[in-house]
Amino acid sequence: MHPLPRSLEPASGESLVSYLLRLGHRLSLRPLQLIRAAGWTDRVQATHIPGSLLLNLTGPEAQGFARLTRQTAEEVSALTLKQWRDRYPPIALSVPGPGPKRPDPWLFVGSPRYCPTCLAGDCTPAQQLHGGPWRKLWHLPIVFSCVEHQTYLEASCPHCGQPRAISGRLIERANDHTLHPAQCRWTIDSPTQKRKSRACGGRLDQRVATDPCHRPHPTQGILRFQQSLLARLEPLTPASDASEYFTDLRLATALIGTTWPAGKHLLDTALAGHVTAYVHSTSGNSSTSNRLQDHRLRDVLPRDSIACAGLLRAAHSLLKADDLSEHLSQLVHTLESGRHARPGYASTPAMKTRARGDSETRPNH
Ligand SMILES: [Zn+2]
Ligand SMILES: [Zn+2]
């Protein structure tokens, strides 16, 4: 394999997806061509780039891409989510072992949320030409806002409204080299005999001025909460503490989601309203089975960043409460005896243990 004639320096915090899009844009190469040139063909079928590449690259895969793009293997490895594997359990839970494995629902693999201002890039020539980075952090649903630009992340394309479902692909239209990295890559129509399918192509790095919802901005309290979550991904927090916290946060989030509105008092009125709207839209959808609704409320964080922030904030407040065991007992009781109890769902043994009186002090952020 020969190195490419020109390469591109990765931006700080940039994801592998972002790098493939921006480098491809610079060289007019399809993302799929770059992947084939790097020798990653074992994992790639036809035009399908699997999400597993984002989670971890093997030594030879990182070295192959490093030679191709004139980087070090460490720099290439830093484009994946591997660095948080011991801190954020959904990453290790999603790394493929023997047999196919779906990504954990607490990861956005294919279509992360995004900050339009970050995508617009800074004033450096490379970012002016090829856009700002798609950040690795956006693949973690616990990151619901951009602290730098003090905004909630966008959950979907304002032009076509996608994604509406998870495709399992790391990059949509991986054979398309005509799109700018900040353009929406979702396909908006089916191919006909006369022409190929088209991409949406809407720009994601520009705020849509006619946004009818007048999206609110995160409060200082929510931004501080976001920062406390980000701090747990940093080396200053011991990895085992971070991992335990995110496991507890997930259990508490599941409990609050499935017993809503029992935990409504944990939030201010505005945020609670967004969570209520999310829970209603999830559990009030008659086209999905009770089991699927329960799965969504229990295991999946909302794509809507504000509802997501609300649920996580309520879960964090629950974990931090002085009378944690009493709170947990009440919620578990609501879950098991009330109208929320449905076949197929039972609280986990860990929740019950906590509810029985393990009220150790949680980190105070
Ligand atoms: Zn931003
Ligand atoms: Zn679109």
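Colleague: Which word describes Ser77, buried or exposed?

Modeller: The structure is a predicted model, in which local features need pLDDT of at least 70, side-chain atom pairs count only at pLDDT 80 or more, and totals for chains, interfaces and linings use all residues. Residues are numbered from 1 along each chain as its sequence is written, chains are lettered from A and ligands numbered from 1 in the order in which they are written, and side-chain values use heavy atoms, with hydrogens and water left out. A residue is buried under 20% relative accessible area, exposed over 50% and partly exposed in between (1.4 Å probe, protein chains only). Because its relative accessibility is 18%, Ser77 counts as buried.

Colleague: In which helix is Ser77 found, and what distance separates its C-alpha atom from that of Thr58?

Modeller: Helices (H or I, at least four residues) and strands (E, at least two) are DSSP runs, numbered from the N terminus. Ser77 is found in helix 5, which covers residues 73–77. Thr58 is 19 residues away from Ser77 along the chain, and the separation of their C-alpha atoms is 8.8 Å.

Colleague: What is the arrangement of the four donor atoms around the zinc ion (ligand 1)?

Modeller: Donors are N, O and S atoms within 2.8 Å of the metal (3.2 Å for Na, K and Ca); water is not among the atoms, so sites may look incomplete. This zinc ion (ligand 1) is coordinated at 2.1 to 2.3 Å by Cys115 (SG), Cys118 (SG), Cys146 (SG) and His149 (ND1). Four donors count as tetrahedral if all angles lie between 85 and 135 degrees; four count as square planar and six as octahedral if opposite donors are over 155 degrees apart and all others between 65 and 115, and anything else is irregular. Because the angles at the zinc ion (ligand 1) are 100 to 117°, the arrangement is tetrahedral.

Colleague: How many residues apart in sequence are the parts that Cys115 and His149 tie together?

Modeller: Along the chain, the donors of the zinc ion (ligand 1) follow the spacing C-x2-C-x27-C-x2-H. Cys115 lies in the loop between helix 6 (89–94) and helix 7 (116–120), and His149 in the loop between strand 1 (145–146) and strand 2 (151–152), so the parts that the pair ties together are separated in sequence by 34 residues.

Colleague: How does the accessibility class of Cys115 read, and how does that of His149?

Modeller: Cys115 has 0% relative accessibility and therefore counts as buried. The relative accessible area of His149 is 28%, so His149 is partly exposed.

Colleague: What spacing do the donor residues of the zinc ion (ligand 2) have in sequence?

Modeller: The protein donors here are Cys157 (SG), Cys160 (SG), Cys184 (SG) and Cys200 (SG), lying 2.3 Å from the zinc ion (ligand 2). The donor atoms subtend angles of 108 to 112°, so this arrangement is tetrahedral. Cys157 is buried because its relative accessibility is 4%, and Cys160 is buried because its value is 13%. In sequence, the donor residues of the zinc ion (ligand 2) are spaced C-x2-C-x23-C-x15-C.

Colleague: Which helix gives the most residues to the lining of the largest pocket?

Modeller: On a 1 Å grid over the protein atoms alone, a cavity is a set of points where a 1.4 Å probe fits but cannot get out, and a pocket is an open set with protein on both sides within 12 Å along at least five of seven lines; lining residues have an atom within 4 Å of a point. Grid points are joined across faces, edges and corners, a volume being the space filled by probe spheres set on the points, and the largest pocket has a volume of about 1,500 Å³. Its lining comprises 43 residues, with Arg102, Phe108, Ala165, Ile166 and Val300 closest to the centre. Two or more residues come from each of helix 3 (52–55), helix 11 (269–283) and helix 12 (290–299), and the most, five residues, come from helix 11.

Colleague: What volume does the largest cavity have?

Modeller: The count comes to three cavities of 30 Å³ or more. The largest cavity is lined by 24 residues, and Gly110, Ser111, Pro112, Trp134 and Trp186 lie nearest its centre. Its volume is about 280 Å³.

Colleague: Where does Pro261 lie?

Modeller: Trp260 and Pro261 are joined by a cis peptide bond, with omega about 15°. Pro261 has its place in the loop between helix 10 (239–259) and helix 11.
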